[in-house]
Amino acid sequence: VPMVAPGNVQVHVINSTLAKVHWDPVPLKTVRGHLQGYKVYYWKVQSLSRRSRRHVEKKILTFRGNKTFGMLPGLEPYSSYKLNVRVVNGKGEGPASPDKVFKTPEGVPSSPSFLKIVNPTLDSLTLEWGSPTHPNGVLTSYILKFQPINNTHELGPLVEIRIPANESSLILKNLNYSTRYKFYFNAQTSVGSGSQITEEAVTIMDE
């Protein structure tokens with residue numbers, strides 16, 4: 001098998017899900033056989049928004065021939081990763097380069113995990129929601145938009161409310177009685193807004 005590890009491994013993080021890795025080629029005489037390529041082993045150490053550590057699944061990408069760089073797609077935003085590089089000949093892999101640590105920046109969050117509308121009264125509705133399964137960063141706020149829908153399914157004026165990220169419920173007051181409302185709800189990080197979930201609910205007709 002090859003005798004030495006690739007040197008001078010560098011990682012350039014391009015965005016929250018993509019990084020480029022490059023390395024110096026090993027001297028050909030140390031390959032001790034036919035150079036087939038290089039393998040990059042990489043794995044997520046932890047999410048920076050949650051301290052939980054789970055079973056680490058190592059991923060391997062193979063770059064054929066004498067390439068000295070490669071792209072690592074499909075990374076998770078706002079996470080800490082490690083990687084190393086090995087050279088490969090027909091017999092197997094050489095030793096691993098020292099582990100290199102890199103971090104991906106924040107991304108936009110996934111949609112809130114649920115949105116429920118409870119306790120309808122004549123002029124109020126209570127909203128309850130769950131935080132995104134994948135915050136992909138530090139949540140800064142939630143954005144709620146809502147509008148009335150009349151009997152001919154026309155949409156009325158849209159109202160927008162910004163809600164602090166640590167809240168999980170809200171009572172909407174001063175609504176019209178016996179009116180259907182459509183709600184659009186999403187979470188935000190400093191990068192931007194995540195995908196929204198929608199829900200409809202009706203205030204009650206009379207007490």
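This is a predicted model: local features need pLDDT of at least 70, side-chain atom pairs count only at pLDDT 80 or more; totals for chains, interfaces and linings use all residues.
Figure 1. Welcome to the overall picture: the chain has 15 strands and 0 helices. Its C-alpha atoms fill a box of roughly 85 × 35 × 25 Å along the principal axes. The radius of gyration is 26 Å, whereas a compact globule of 207 residues would have one near 17 Å. Of those 207 residues, 40% count as buried.

**Figure 2. Here is the largest nonpolar core, with its 18 residues.** Look for Val21, Trp23, Val40, Leu72, Leu83 and Val85, which touch the most other members. Two or more residues each come from strand 2 (18–24), strand 3 (37–47) and strand 6 (79–88). Strand 6 gives the most, with 4 residues. Apart from this core lies another one of 17 residues, among them Leu125, Leu127, Leu139 and Leu172. As a general rule, nonpolar side chains tend to be buried together in soluble globular proteins.

**Figure 3. Meet Leu83 and its contacts.** Setting aside neighbours within four places in sequence, Leu83 is in contact with several residues, including Val9, Val11, Tyr42, Trp43, Pro98 and Phe102. Val21, Val40 and Leu72 are also among the contacts of Leu83.

**Figure 4. Pro120 sits in a loop.** This loop lies between strand 8 (112–118) and strand 9 (125–132). Pro120 counts as partly exposed because its relative accessibility is 38%, which falls between the 20% and 50% cut-offs. Beyond its neighbours within four places in sequence, Pro120 is in contact with Leu125, Val202 and Ile204. Met205 is 85 residues away from Pro120 in sequence, yet their C-alpha atoms are 9.9 Å apart in space.

Key:
Residues are numbered from 1 along each chain as its sequence is written. Side-chain values use heavy atoms; hydrogens and water are left out. A nonpolar core is a set of buried Ala, Val, Leu, Ile, Met, Phe, Trp, Tyr and Cys residues joined through side-chain atoms within 4.5 Å. Buried means under 20% relative accessible area, exposed over 50%, partly exposed in between (1.4 Å probe, protein chains only). Contact means heavy atoms within 4.5 Å. The radius of gyration is taken over C-alpha atoms; the globule rule is 2.2 Å times the number of residues to the power 0.38.
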